[in-house]
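Biologist: Please put the model up, then we can go through a few points.

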Amino acid sequence: GFSQKPGLDFLETFASTTQWAALRAILAMGALEDLELESIDISSAYLNGIMDADVYMKQPEGFEEPGFESWVCRLLKSIYGLKQAGRLWQKRLNEVLVSHMGFKRIESDSSIWVWSDGTTRIIVPVFVDDMTLASNSAAALADTKSKLRQHFKLRDLGPTSWLLGVEITRDRAKRTLSLSQRQYIVEKLAARGWSDLAPVKTPMDPGLRLHKNMPGTTPEEADYVRKFNYQAATGELLYLAIATRPDIACTVSFLCRFNANPGPAHCRAVQHLWRYLKGTMDLKLTYAPPLASDRFVTYSDADHGGCVDSGKSTTGYVVKLGTGAISWSSKLQSIVALSTTEAEYVAAVEGPSRLHVDNQSALAVAKNPEHHGRMKHLDLRYFWLRHAVDSNEIAVSYLPTSHMPADILTKSM
């Protein structure tokens, strides 16, 4: 693949993977509706792709055709190492699922396929070669796996217990499902020699103020930062924050802002977060039937001007299905909000469905054109929320800060 040239022996290389929010939503539905959840692994998935360009390779060493050792092979199917191999595999999988098995690819996530006949439903999210099958019929799942075997070599992994390094436990009688990355945390702590660190109770030291211009001032500090490998440490934290740990999402987002030029204080903050994870490694993200009637609820929050380097505010939102979060985010807003109302309103635009906010002014602006003179400078896209409220697509209500789940996504608690 390293010798391939764009436009000559490959065109497009993009291949999508299932988003974590979609995976969690499917798992939550599996818990609430008591669906069958099973996993399969496609063996040598990339070898199934059909080539879309002329690519030639030398004959494999030890397998040369006698008398034709100087000849080359023209690839008919993709192999590992080709730049377009992932895209060709996904194209082949889509062809089998849609053309041969009657599935439909959903528009919002091109790595999820759905089949339904009105009573039976099968949902298939795919992450490269890892496939999870969710259905209300065990017989339908067995039939689907049988049909897939006609096209691909696969391993049947049975009921889903691990998915992309995340442990999954179920109590079908209570209709609960839990996600845990305890093993991942244990392994990363051991790899860095931090297994014996004392745990702490908060993701970040209360009152700690970090900014970009905090480099090391001595050769010893510079050597400490270099050996710390800051970017790798925050990358490992990102996987936790994205997959199962919304409680650290704000802190990880904040620490990743310093990836370009970390200093000793930033490194100590990262280590502090790992100490917090050591003390909370047994926490699980659990989905169960909701106590109230709303199965699908969104909460949004914002801090005002929290970034000392840019003056921008942080948007935090969390979407719950049942009792557990299926989607969350903590990130800097793209504009500098001039008031708390603006910051909260911009954050509210991120939230769909039934939306709870903890700012009365932002709630008023979402429902009516109040504060118009002080809000008209906002980009038109932020007024989408008001139109959605007017058309009853979204119901917005006030929730006190003391009861706001999204609060942990705007500050390190």
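**Salt bridges, a helix and a sheet**

Biologist: Is Arg 170 buried, partly exposed or exposed?
Modeller: Arg 170 counts as partly exposed because its relative accessibility is 29%; the class lies between buried (under 20% relative accessible area) and exposed (over 50%), with a 1.4 Å probe and protein chains only. This is a predicted model, where local features need pLDDT of at least 70 and side-chain atom pairs pLDDT 80 or more, while totals for chains, interfaces and linings use all residues. Residues are numbered from 1 along each chain as its sequence is written, and side-chain values use heavy atoms, leaving out hydrogens and water.

Biologist: What does Arg 170 form a salt bridge with?
Modeller: Asp 34, with the closest N and O atoms 3.8 Å apart. The criterion is a Lys or Arg side-chain nitrogen within 4 Å of an Asp or Glu carboxyl oxygen. Arg 170 sits in strand β10 and Asp 34 in the loop between α1 and β1, 136 residues apart. Helices (H or I, at least four residues) and strands (E, at least two) are DSSP runs numbered from the N terminus.

Biologist: And Asp 247, what does its side chain meet?
Modeller: Arg 245, in a salt bridge of 2.9 Å, N to O. Asp 247 is buried at 18%, and Arg 245 is buried at 4%.

Biologist: Which residues share partners in a network?
Modeller: Asp 34, Glu 36, Arg 170 and Arg 172.

Biologist: New topic. How many residues of α7 are buried?
Modeller: Seven of the eight, so α7 is largely enclosed by the rest of the structure. Phe 254 and Leu 255 are among them. The buried residues pack against α6, α8 and β15, contact meaning heavy atoms within 4.5 Å.
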